[in-house]
Amino acid sequence: MNDNLTVDTVKAAEATPDELQPYLELGLKDDEYQRIKQILGRRPTQSELAMYSIMWSEHCSYKSSKVHLRQFGEKAPPSDRMLAGMGENAGVIQISEKLAVTFKVESHNHPSFVEPYQGAATGVGGIVRDILAMGARPILVMDSLRFGAADHPDTQRVLPGVVAGVGGYGNCLGLPNVGGEVFFDECYQGNPLVNALSLGVLPVDGLQRKEADGPGNIVVLMGAKTGRDGIGGVSVLASATFDDASEQRRPSVQVGDPFTEKLLIESCLELYQAKLIVGVQDLGGAGLTCALTETAAAAGTGMDIQLEKVHLREASMEPHEILASESQERMLFIVEPAKLDAVLGIAQLWGVIATPIGVVTDTGRVRITFHGETVVDVPPGSLADDGPVYARPLREPADLILLQADRAETLPRPHHDYQLKDAMLKLAASPNLCDRAWVTEQYDRYVLGNTVLAQPEDAGIVRLDEQTGLGVALSLDCNSRFARLDPYEGAKLALAEAYRNVAVTGAEPVAVTDCLNFGSPEDPAVMWQFAEAVRGIADGCQELGIPVTGGNVSFYNQTGAVAIHPTPVVGVLGVLENVAHRIPMGFGHAGDVLVLLGDTALELSGSEWAWVAHGHLGGRPPKVDFGREQAIAAFMQRAAETGLVRSAHDLSDGGLAQALVESVLRKGFGATITLPVELEPFVSLFSESAGRVLLTVPVGHRQAFEQLLAEHELPATILGQVDDEGADLTVIGHGEAGRFAVSQGELREAFSGALPKLFGAGEPGAVASEAPATAQESATAGGAATAVLAETAVVETGAAESAAGSESFAGSESAAEPALFAEGEPVAQAGEFAQPGEFAQPSEVTQAGAVAQDADGTARPEADEQ
């Protein structure tokens, strides 16, 4: 022990009850501090004060949100799939007799503003450890990123660092990044949002517990050394707003080491497989404080901890610093004494530090000593479970009535064909709709060899079982402008879009996670927005029949008094019984019929067109019909199983116009469409009505397709047909709209040039088109190993990366696929509604797009269809 170090002990606290303490500076209120003194029967020590300030912070205690989050449990529909839900590190969903998956999305917003690279990187590392703590092997990541105006100087600072951090950490772990979103809006200036999701797979009987059961069991800290990086990190940064002094908080941001995390992952999985662990908890926000108190409180036990046994990066660290540190890549284990040597041996084998730091007791108190002096003596439940709970005042924002009255439907809008073409190109080039390749090509989307669909597809799909083809689909979505106009409807729209994105691939949506990003809970208007958004998600999940399994709340997302738009990011998990049946996006076969599923209405408020063309935000968002969404999901599942639909792309931001642009450029096939005469051409192209999907149907499948539509009572409009590779996108309107054609060169220049122009033309940013006909898999980070999860068919494969650096798209159709339509069969007239009996029943429905395999059974991304 440092002779110059003065430690505030429990004995000293009892002897100096009136000593002034900096509780206000640590974020505690007067009444909260008094309550701590009542719990302890004395003033807290310096270490105890740090522990309570962290655990009772907004980020750790959910003290302002608990009263609203209860709806997720109260309104939860019954689910026989959910093995673990809210209150756990992550939700766990059973997807087969033997396999389960665990998934969750969390925020790392404030650290990512202060230090973009490390903030984003450690956000990925933290969510991966949450998945690991459930007993699962992490197999993928996703991210939802939001920044200020794309052309603002601070966005130029933040975005490249965040993207590099997400990619750098995930790539080094060897985890594919299969999807997400990037959104720009002035409201995020000075307060970017970095929400990271991870998913892992585990045997149904392999779920790990966090309870510190068994008095006499050993408490083991494993992973990286503890340092001063991250002291008061996410737990404090996420419970305060930003101001001009925010730059001084840079030391509070954690520093990540993905290679240590990779070793930690493998050592943990080996411990789980050998059944050497009683309980496990990752060290994230609140560090050792949280891990010790949560595991003890969950079991109703106590602990005696010797803090000097913690391996430190800096020998001069004081007890409160060790307890508050949020240094990364650390896990806490509860181990039976007889198994301790085996645990330490496995850690040594992987080169990971593992140290016994204490013992589980039956006292019901966590006692922590430092070189023989008691510095902490607390009931763990008072920190982990019994923090303050506030029913904060709610008030509808004062400007909401006027904002909703200012409808975008009254704005001047184009009518002539040349104006519509110009609007289409401007939207395609806008920061929120343009090609994301500059971002996504910094991520490895295909490492491990099981990625089936990834960005820019509607949902990411990963295969879990090579024998059966079982896989999962995931999507993250939110339109914060809709939520600003109506947080209840906006949250339902976010849920509906994420649900639909999963559904259009043919997957069955089964569960939800969310990350709720809002301003200060001390603002009644913000709390009203939060309460409405939670109610919207809870009501929506109840209607859809899928549960919320967990998530994250991030408050204080504002700069000064200006809050961000309400941003309830929703993630939806879907299950595919066979990934060979998945439906990709993009036009890929000349002659296929283009069909628009769903109804289009005059709904322009909150739309991307209103913002790009007029800088306008006002009115009410589109209406959601969850019954229609369920019908679409059921229809798409049947269409995938029977091979009746070649491609599908949901309509959301930018409406039909943007869906056409993305579908044409995906594989390079043109299209000719005729807009329905019932609607104004502009409305047909740019309305953002919900519950719509753009489909391509092989000509020979018309009758079967129409019969399936009738069974699900879905409206559909035939728009036209897919044209040859390299052909224009031709739009035929009526009245003044006339006819216009846009070449693929024009579309590509607008769509693919925007982000490189903003953030560096020399950076990654090639067109997100299909890969060449030959492809090779990416290598796993750090080399090579093939890891097999016990008692499952989950296989990770490391293969040589292409020397040319080319990437393949496992979602592309197989070049050897048989024709799915009859040559020369006429295409339906564009603009008409499909009627029963019009389609010729094919003699055989061919299953298309199976995941190709090498001779050893390893998945390999497929080549383009030429």
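Visitor: How far apart are lysine 492 and glutamate 489 in helix 19, in terms of helical turns?
Guide: This is a predicted model, so everything I say refers to that prediction. Lysine 492 and glutamate 489 are three residues apart in helix 19, so about one helical turn separates them.

Visitor: What do lysine 492 and glutamate 489 form together?
Guide: They form a salt bridge, and the closest N and O atoms are 4.0 Å apart.

Visitor: Are lysine 492 and glutamate 489 buried or exposed?
Guide: Lysine 492 is buried, and glutamate 489 is buried as well.

Visitor: How many salt bridges does the structure hold?
Guide: There are 37 salt bridges in the structure. Some share partners: Asp8, Glu19 and Arg43 are joined into one network in this way.

Visitor: Which residue forms a salt bridge with arginine 666?
Guide: The partner is glutamate 457, with the closest N and O atoms 2.8 Å apart. This pair links distant parts of the chain, 209 residues apart. Arginine 666 belongs to helix 23, while glutamate 457 sits in the loop between strand 14 and strand 15. Both arginine 666 and glutamate 457 are buried.

Visitor: And what about glutamate 409, which residue does it form a salt bridge with?
Guide: Glutamate 409 forms a salt bridge with arginine 407, where the closest N and O atoms are 3.8 Å apart. Glutamate 409 has a relative accessible area of 11%, and is therefore buried. Arginine 407 has a relative accessible area of 39%, so the term for it is partly exposed.

Visitor: Let us change topic. How many cavities of 30 Å³ or more are there?
Guide: The structure holds twelve of them. The largest cavity has about 730 Å³ of space.

Visitor: Which residues are closest to the centre of the largest cavity?
Guide: They are Gly180, Gln455, Pro456, Ser652 and Glu662, out of 42 residues in the lining. Among the elements that give two or more residues to this lining are strand 5, helix 19, strand 23 and helix 23. By residue type, the lining of the largest cavity has 19 nonpolar, twelve polar and eleven charged residues.

Visitor: You mentioned strand 23. Which way do its residues point?
Guide: Ser647 and His649 point one way from strand 23, and Ala648 and Asp650 point the other way. All four of these residues are buried. In a regular strand, side chains alternate between the two faces of the sheet.

Visitor: Which strand does strand 23 pair with over four bridges?
Guide: Strand 23 pairs with strand 25, residues 693-697, in the antiparallel sense. Within strand 25, valine 693 is the bridge partner of aspartate 650.

Visitor: What is the volume of the largest pocket?
Guide: The volume of the largest pocket is about 1,100 Å³. Of the 48 residues lining this pocket, Cys60, Tyr62, Glu88, Lys104 and Glu294 are the closest to its centre. Helix 7, residues 116-133, provides the largest share of that lining, with six residues. The lining of the largest pocket divides into 17 nonpolar, 20 polar and eleven charged residues.

Visitor: Back to strands. How many residues of strand 7 are buried?
Guide: Strand 7, residues 218-223, is mostly covered, with six of its six residues buried. Ile218, Val220 and Met222 point one way, whereas Val219, Leu221 and Gly223 point the other way.

Visitor: Which strand does strand 7 pair with over six bridges?
Guide: That is strand 10, residues 330-335, and the pairing is antiparallel. There, isoleucine 334 is the bridge partner of valine 219. Strand 7 is also joined to strand 11, residues 354-361, by five bridges, and these two run antiparallel. In strand 11, proline 356 stands opposite valine 220.

Visitor: Why is helix 3 largely enclosed by the rest of the structure?
Guide: Helix 3 covers residues 46-55, and it is described as largely enclosed because nine of its ten residues are buried. The buried residues include Glu48, Leu49 and Tyr52.

Visitor: One last topic: how many disulfides does the structure hold?
Guide: The structure holds zero disulfides. As for individual cysteines, cysteine 268 is buried with a relative accessible area of 0%. Cysteine 478 is buried too, with a relative accessible area of 5%.

Key
Residues are numbered from 1 along each chain as its sequence is written. This is a predicted model: local features need pLDDT of at least 70, side-chain atom pairs count only at pLDDT 80 or more; totals for chains, interfaces and linings use all residues. Side-chain values use heavy atoms; hydrogens and water are left out. On a 1 Å grid over the protein atoms alone, a cavity is a set of points where a 1.4 Å probe fits but cannot get out, and a pocket is an open set with protein on both sides within 12 Å along at least five of seven lines; lining residues have an atom within 4 Å of a point. Grid points are joined across faces, edges and corners, and a volume is the space filled by probe spheres set on the points. Ala, Val, Leu, Ile, Met, Phe, Trp, Tyr, Cys and Pro count as nonpolar, Asp, Glu, Lys and Arg as charged, and the others, Gly among them, as polar. Buried means under 20% relative accessible area, exposed over 50%, partly exposed in between (1.4 Å probe, protein chains only). Two strands pair if DSSP finds at least two bridges between them. A salt bridge is a side-chain nitrogen of Lys or Arg within 4 Å of a carboxyl oxygen of Asp or Glu. A disulfide is a pair of cysteine sulfur atoms within 2.5 Å.
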